[in-house]
Amino acid sequence: MADTANVEIDDKLLKKRLDKALFKNRSRAFLLVLPLLLFLLVAFIGPILYFLSHGFIDKTFAALMPQTTEALSEWDAVSDPTEEMFAAVVADMVVARKNKTIGRVATRVNRDKPGTRSLFTSSARKAAKLEAPFSESLPAVKKDWNDIEVWQAMKTASRQYTLGYYAAALDMKVNADGSFERQDEKRRIHMTLLLRTMQISFLVTVFCLALGYPVAYLLATLPARTSNLLLILVLLPFWTSILVRTTAWIAMLQAQGVVNDLLVFFGMTPDDARFSLIYNKTGTLIAMTHILLPFMVLPLYSVMKGIPPSYVRAAKSLGANNWTAFWRVYAPQTIPGIGAGALLVFIVAIGYYITPALVGGQDGTMISNIIDDHMRKSLNWNLAAALGGVLMVIVMVLYYVYDRIVGIDNMKLG
Amino acid sequence: MKRVTTVLAAGLAAAIGTVNAADTITIVSWGGAYTKSQVEAYHKPWIAQTGNFVVSEDYNGGLAEVKAQVDAGNVKWDLVDVELSDAVRGCDEGLLEEMDISALPDGDDGTPAAEDFLPGTYTDCAIGTIVWSTIYAYDASKMDSAPATIADFFDVDTFPGKRGIRKNPKANLEMALMADGVPAAEVYEVLGTEEGVERAFAKMDSIKDHVVWWEAGAQPPQLLADGEVVMTTAYNGRIFNAVASEDKPFEIVWDGQVWDLDLWVMPKGAPNKEAAMDFVKFSTDTKRLAAQASWISYGPVRKSSAPLVGSFHNKPDLDMGPQMPTAANNMKNALQNDFEFWADNQDQLNEQFNAWLAK
């Protein structure tokens, strides 16, 4: 009886001690990864989430035109603007003019109703001198203030949380009453570019696989000395700047470039009808395939290196011909490498930016070039964030599909 | 970002020990032959005079970097060379420091700066330096007959071959309308209507399949030299420099030119305001503006500089006067870029242009 009690106490004690020791180990491990975790949070995940939030949140108008925002919130977007709304706009413009923020307001509204920028900047200049009733004095400065679309654009702009940018990223627009509608045909561009981005990325992945598979096979099967040399040939371009490799392709492929010169020399094309190999989709495909090739070769190589040659020999000794031995025995074992390489190439390609910008011309540019355009030229960072968000969702969906079909565990990076 | 340091001369000056506390200012401009003209005419003499340092950086225009630096409260740039529409927009958005024209030195003939500068060449936040122009140029050695009008640029039947065009609606839509027969004075009126925009894009459609698009100012002379295009739009100074310094057989067609200004602006919260302002005063005086015109064919914005404009810096018989966008002979059919039109319609036309490109 006493013995069992003792054992029970020991059991509890032991369990406690074990838990304590495990906890110690776990917290030690956690502390070890903590710096990396913090770094990722602060330098990677945080900024991405913050920037993506720009796609939903836009407080520009509400923050800089507070009275107008309040006055507009009660307006039904159909009836004529009231005197209070006019008075609020004038009062806000006086302050915004003084703080030099009127330009931001003007830019914001201009996105929804093009051509209104100067309406705001020039009216603001005179706002301080205006007298009531403002519903008469403000339109006297610029008659556009009688245009109900201007007020509707302001109402749209005054929403702090908006789906407008994500809608714009998918070639839709939000009306003042909150309904969605397809963008005018003249201004539809993002869907075209998203589809083209997917198409180019897919083709680049296929080309990389077609070119990279034999190379990786050679690397894995040749004697060490030769294969090391080959490996350096694969790695050397990998270490060269993308910019250098891209401009090298320009020199190679342009109308007066090496490739066309050779073709003309061998009489394969007349001098006045040289091929357009660059500044179009062809150029983007060639240059990107070359640049992304190592991302395919290296995972394939590391997988193939681990396949014992005895398997193929065994298959042959059991009566398989070369093709069957390769297709039924060797190729299935390389699927983890193919999966890793294809996923790497595709995901890097989908966000590719420098190469298409340099050699893409008009039909070889991709969605990231438009994102860049909104970052640097139109300064519409909200739309850039929304486009980035759409791209990220696409990548995650593809990742999920890949996981369902191939299985993410069935992937070997090296 | 390419970083060209012009600190050598400054290092010497500092080593001699004439100055105790040297400032280093960062000046951002468009690179290539243009930045070189500024380094030669402004930076080097200023460094020699003040013992300060200048770090020269290149960019491709636009306000994005300025906005990013100001919004983040981490401003690295002291002065930026911008186009007029960006100067106005940046000022409206509170991204730029104010600059007072009355702080600038009088012209050499005693005219106060505010009157010496050509009308519209300074704003509350920006001080102009040069008049530049978008023109088109061709390689004379590769053309059977010489194109002479803006309409010829859009005429691929009479003048077959590829065209180089900046990947941007600005100046292109104007040129398309002028080529379609709209007089320069009415271009912006027409472009302000939906039909006008349609008309401009329709004209662009007629050469779309023959276009090589460029983005950086240094590209068009290269495209011409490589034989990649037979004609290209370009900034006039870049073509001039290829001709003057590299003896390229390029010819400029001034008909239908679209001219614009470049101005100094200071991002809000620039780290070395005083030294930078001193540089602005120095670089925009009568002599310096005239000196820059001996390095590149961009016209000085001070009236008092015009008579001082001489010949190309290493070619005494190459008179710069007739090379300027503002020379009477070149202004016969010319259009000034309307910054207000572009400030109003830039976003929409950019979108439409991109959509048109992708079609």
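Chain B of this predicted model is built from 14 helices and 13 strands, where helices (H or I, at least four residues) and strands (E, at least two) are DSSP runs numbered from the N terminus. Residues are numbered from 1 along each chain as its sequence is written, while chains are lettered from A and ligands numbered from 1 in the order in which they are written. Because the model is predicted, local features need a pLDDT of at least 70 and side-chain atom pairs count only at pLDDT 80 or more, whereas totals for chains, interfaces and linings use all residues.

Along the principal axes, the C-alpha atoms of chain B fill a box of roughly 65 × 45 × 40 Å. Of its 359 residues, 53% count as buried, a residue being buried if 20 or more other C-beta atoms, placed from the backbone, lie within 10 Å of its own, exposed if 12 or fewer do, and partly exposed in between.

Strands count as paired if DSSP finds at least two bridges between them. S6(B) runs parallel to strand S7 (residues 211–214) of chain B, to which four bridges join it, and in S7(B) the residue opposite Ile165(B) is Trp213(B). S6(B) also pairs in the parallel sense with strand S8 (residues 231–235) of chain B, over two bridges, and there Thr232(B) is the bridge partner of Gly164(B).

Chain B averages 89, with 94% of the residues scoring at least 70. In chain B, confidence is highest in helix H7 (residues 172–179), at a mean of 97, and lowest in strand S1 (residues 3–5), at 44. Over residues 1–20 of chain B, pLDDT stays under 50. Where pLDDT is low, the predicted coordinates should not be read in detail.

Chain A is described by other numbers, with 19 helices and two strands. Buried residues make up 35% of the 414 residues in chain A. An automatic or database assignment divides chain A into domain 1 (1–45), domain 2 (60–158) and domain 3 (190–405), and the C-alpha centres of domain 2 and domain 3 of chain A lie 51 Å apart.

Finally, the two chains meet: 26 residues of chain B are in contact with 33 residues of chain A, contact requiring C-beta atoms, placed from the backbone, within 7 Å. On the side of chain B that touches chain A, the elements that give two or more residues are helix H3 (64–72), helix H4 (84–92), S7 and helix H14 (339–358) of chain B. H14(B) supplies the largest share, 13 residues. For the complex, the predictor gives an ipTM of 0.76 and a pTM of 0.80.

Terms used: pLDDT is the predictor's confidence in each residue, from 0 to 100.
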